[in-house]
Amino acid sequence: MLQTSDNKIHVANNMMDMDQDPRKRLCFADGRRKVDYVLVYHYRKRSSVRGSPSQHRLSIISNGSYPLGVEEKDQEGRKDEPAEVVVDVGPPDPADGEKIMIREEFEGNLKDAGLEIEHDKENKAHGHAFIRLHAPWQVLSREAEFLKIKVPTKKSYELREEKGLAATMNEVWRKLNQPFQPKVPHQEQEHSRTKFLSHCFSRDKLHLYNIKSKDTFFDNATRSRIVYEILRRTACTRTCQTMGITTLIANGVYDSAFPLHDGDFHPSGQAEGKNDRQLLHDEWARYGAFYKYQPVDLIRKYFGEKIGLYFAWLGVYTQLLIPASVVGIIVFFYGWATVETNIPSQEMCDEDQNFTMCPLCDRACDYWHLSTACGTARASHLFDNPATVFFAIFMSLWAAMFLEHWKRRQISLNYSWDLTGMEEEEEHPRPKYETILLQKRQRKKKNTKNKNEPERGVDESGELGKDKWRQRLLSAMAAGNPTGHEKLTWRDRLPGYLINISSILFMFGVTCSAVFSVIIYRITISALMAMSSDPEVKSNVRVTVTATAVIINLVVILILDEIYGMVAAWLTELEIPKTETNFEERLILKAFLLKFMNAYAPIFYVAFFKGRKLKKLCRTLKDKERAPKEIVEQPGRRQQWHLDYDLEPFDGLTPEYMEMIIQFGFVSLFVASFPLAPLFALLNNVIEIRLDAKKFVTELRRPDAIRAKDIGIWYNILSGLGKFSVIINAFVISFTSDFIPRLVYQYMYSETGTMHGFINHTLSYFNVSNFKPGTVPSISSLGKDITFCRYKDYREPPWSTEPYQFSKQYWSVLAARLGFVILFQNLVITMSMLVAWVIPDVPKNISEKLKKEKTLLVDVFLNEEKEKLQLIQSLFSRDLTQEQQEELKVSDQTSLPLQQTQPGQLPPTSSPAPRTRPRAASFSQFTRQMSMSPRSDITQHTAV
């Protein structure tokens, strides 16, 4: 900021005035035109000298928008102030010079596209320069029509008001939900009974739209999206064969490109005076708002449909975890309430039963009593009880209901966000794809040139010379073909596919090796601690081994998780996807497969959180330590584009989705073993939503507003996990719990039809004399009179004809387990399909509104065309009446001479000119004709 007399002069890229209107901080130097997008590049100059600005002229390239008088005042106000003026003596190396030429061509093409540009003054030896872009109304309207952006029209209709019991219930529910609604002014319009029709923007139908101000008709997110589309398709054909800002950033021509946030996120006054970023921070990104619903419509308005759908999906998932958590708690408390009456647990804890168990290891381990495992048996009953089977069936149906509910919610959002009928947008190829395609084209051209090279020097006057020129012509024509006719084939991608398959199989082997290593660790440490002479060490073997194994497994999971993320990105690059959508889908699939194995193979519930909360907590503490330092440097005196450039760039939603999908897998796959998993997931998500919200609002640059109708490939992954969870839960219940053996014993082998004697039924006998030499316990505290010990299995006793072979009970239990798997799987899948069939994908009220709006839009356009036709007909009839009157006047003037002539003689004047046939005029011609003066009309008709 410079001061001359009492005036404040604003110069581009200078520090802003503390009293400046916050809205003008998002504008050009003139304070009127919005900054819709920002490009950043790094520049470097060779030398600089000290001097007066009056001796050196610094200019601002602002597309002719920056007033010259400001610059003159700038120089007058700084006569006595020495300053550093940079003398640009050329770029330091050819690469920088090439980048400058590319930037000049690119920015020239942007100006040709209609964008207005404002540059920074490069008044330092080196640093970052910011280029501000503004899209005027002509560009916005043209691109909005090209992109088929739907906007509200003036036509509206009243929604059907519910009556009776449904209206009363909805009103009661709305009042109960009122304390949980965010205080967002935009959401107050949702409760209005008036609905405005939406239609794709068209410059020919501006009269249909309620355009109060052309500057505010399109919101900031839409404006930045339009500018990004222009940046994405603008090409540089003179300096380099590239297209789009993404390729230029990848090649280092620009550092970054991003839209601006709507000012600061700190609150400043009442809710009516807050910008959207402040509203999101106060009503969404605070931990104090954890009990409120998310302002999904405001999130979509500010960040775009793709991010809005993610948070809407996360909200639906979190809400549906509430009934799952309640049922899981009921199942857990049922097990806790019935643990005292559980007969198998009583038999295990009964010391009078005196089941002497065989040693757990060779020599070092001693015989032990089954009653010592009483605590473990009572604890396992909390999670392994008859209610667990019901809970597994419930969670399988819950997964199906969750997917169906999300489909309905997604269609409702598509309707309210005007995404119905949205067409897929054509994507530009990725920079890596273009580079490899260009290399392929150059190799092909070089091979063609080498093939024709031996023909040089041969007799050019003969037929061979003619062939040479024909081949040169054909090669030149081939070189001039558009790039769209060439593409990479499967042969170009074959090496990448082979590396992908082998690498993924290798990573699966690494994960299985890590799990196997942890198992070996547990066995080894248990044996070493059991051989210790310290009784305290022996008594804490299980706790120590379990705790250390869990910690080791957690560390391995975190390390492999990071490695697999980088490997998935590298493998996806080898496949050379053409577009960003293809790249993202393939990356998601690979990352999910690798992280699926990494997270689920160990089956440790500590991996549920996967350490992400620890990383987020560290990042939050780091930001708190860094924030005061930034404020001390320049407290509130930097422009918005400087503040946004200091934020972290947005890297996509893949990490956020991946975290929630892994969590959904734990909730649905292993819920039969841990009924409290939905509860922990619910508590995690309540914090997760606010963490992600704070990150998007305060820590990341504003992402580009991307349109999307659904969550993409993630829905297919969720559907696959839901079906896979049915099989997993069936096997978990059948083979890892005692549910099936208890049923088999109670209905086939129990004499009383109860569970009495179940523990004795599941334990087999072993004759201690059959121990191999060197495996008998060296020191036994239970005495030397032990003849038989027991172990858990279904095998024949030593005194049978086939000792230690599988007994009939084993085969009965195995058949029952396999039968239960088949029955459970078919029953649950059939019920899930029934649920999906009963619940319609499109809500009935949405389908009715869509039909009604389509009919109303057709009526609007028909009425408009009818009015046009009536106007044209009225104009045509008026013109015809005027022509008849003029002809009548002419006939009256010629009637008198005709009467005075002799019969058979011609009149002295020639016959009037033949009447021209009138033609129908278009509506545009009608509007032009209305603007003509009456005198010109009369003159025209008189001439006829």
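Tyr-317 touches Trp-398, Phe-402, Met-660, Gln-663, Phe-664, Val-667, Ala-681 and Asn-685, leaving out residues up to four places away in sequence; contact means heavy atoms within 4.5 Å. The model is predicted: local features need pLDDT of at least 70, side-chain atom pairs count only at pLDDT 80 or more, and totals for chains, interfaces and linings use all residues. Residues are numbered from 1 along each chain as its sequence is written, and side-chain values use heavy atoms, with hydrogens and water left out.

## Overall content

The protein has 29 helices and 16 strands, taken as DSSP runs numbered from the N terminus (helices H or I with at least four residues, strands E with at least two). Of its 944 residues, 41% count as buried, where buried means under 20% relative accessible area, exposed over 50% and partly exposed in between (1.4 Å probe, protein chains only). Among contacts with a separation of 6 or more, 79% are between residues 24 or more positions apart.

## Nonpolar cores

Tyr-317 is one of the residues with the most contacts inside the largest nonpolar core, together with Trp-284, Phe-303, Trp-313 and Trp-398. This core has 95 residues, and its largest share, 13 residues, comes from helix H9 (residues 305-337). A second, separate core has 38 residues, including Val-151, Leu-231, Leu-248 and Val-253. A nonpolar core here is a set of buried Ala, Val, Leu, Ile, Met, Phe, Trp, Tyr and Cys residues joined through side-chain atoms within 4.5 Å.

## The four-stranded sheet

Four strands form an open sheet in the order E6-E7-E3-E12, with antiparallel pairing. Two strands count as paired if DSSP finds at least two bridges between them. The edge strands are E6 and E12 (256-258), each pairing on one side only. From one strand to the next the twist averages 25 degrees. The table lists the pairings, each with one pair of facing residues.

| Strand pair | Bridges | Facing residues |
|---|---|---|
| E3 (residues 37-44) and E7 | Eight | Val-40 and Phe-130 |
| E6 (residues 116-118) and E7 | Three | Glu-118 and Arg-132 |
| E3 and E12 | Three | Val-38 and Phe-258 |

Strand E7 (residues 126-134) is largely enclosed by the rest of the structure, because seven of its nine residues are buried.

Helix H5 lies across E3 and E7 and runs at about 50 degrees to E3. Axes are lines fitted to C-alpha atoms, for helices over the stretch in contact, and angles run from 0 to 180 degrees between N-to-C directions. H5 (220-233) is also the helix against which the buried residues of H3 pack. In H3 (residues 137-147) these buried residues are Trp-137, Val-139, Leu-140, Ser-141, Glu-143, Ala-144 and Leu-147. Just after H3, Lys-148 takes a positive phi of about 60 degrees.

## Annotated transmembrane regions

The unreviewed UniProt entry places the feature "transmembrane region" at several stretches, including residues 310-336, 497-523 and 814-839. UniProt positions are given in the numbering used here, feature names are shortened, and annotations may be inferred rather than shown by experiment. Over residues 497-523 the chain is 100% helix and 0% strand, with the end C-alpha atoms 39 Å apart. Over residues 814-839 the figures are 96% helix and 0% strand, and the end C-alpha atoms are 37 Å apart.

## Aromatic pairs

A search of the whole structure finds 50 aromatic pairs. Rings of Phe, Tyr and Trp (its six-membered ring) pair if their centres lie within 6.5 Å; planes under 30 degrees apart count as stacked, over 60 as edge-to-face and the rest as tilted. The pair Phe-731 and Phe-735 is stacked, because the ring centres are 5.7 Å apart and the planes are at 15 degrees. Both residues lie in helix H23 (residues 713-735), four residues apart, about one turn of the helix. Phe-731 is partly exposed at 38% relative accessibility, and Phe-735 is partly exposed at 34%.

## His-381

His-381 is found in helix H11 (residues 374-383). At 4% relative accessibility, His-381 counts as buried. Apart from neighbours within four places in sequence, His-381 is in contact with Gly-335, Thr-338, Val-339, Asn-342 and Ser-345. His-381 and Asp-738 are 357 residues apart in sequence and 9.9 Å apart in space, C-alpha to C-alpha.
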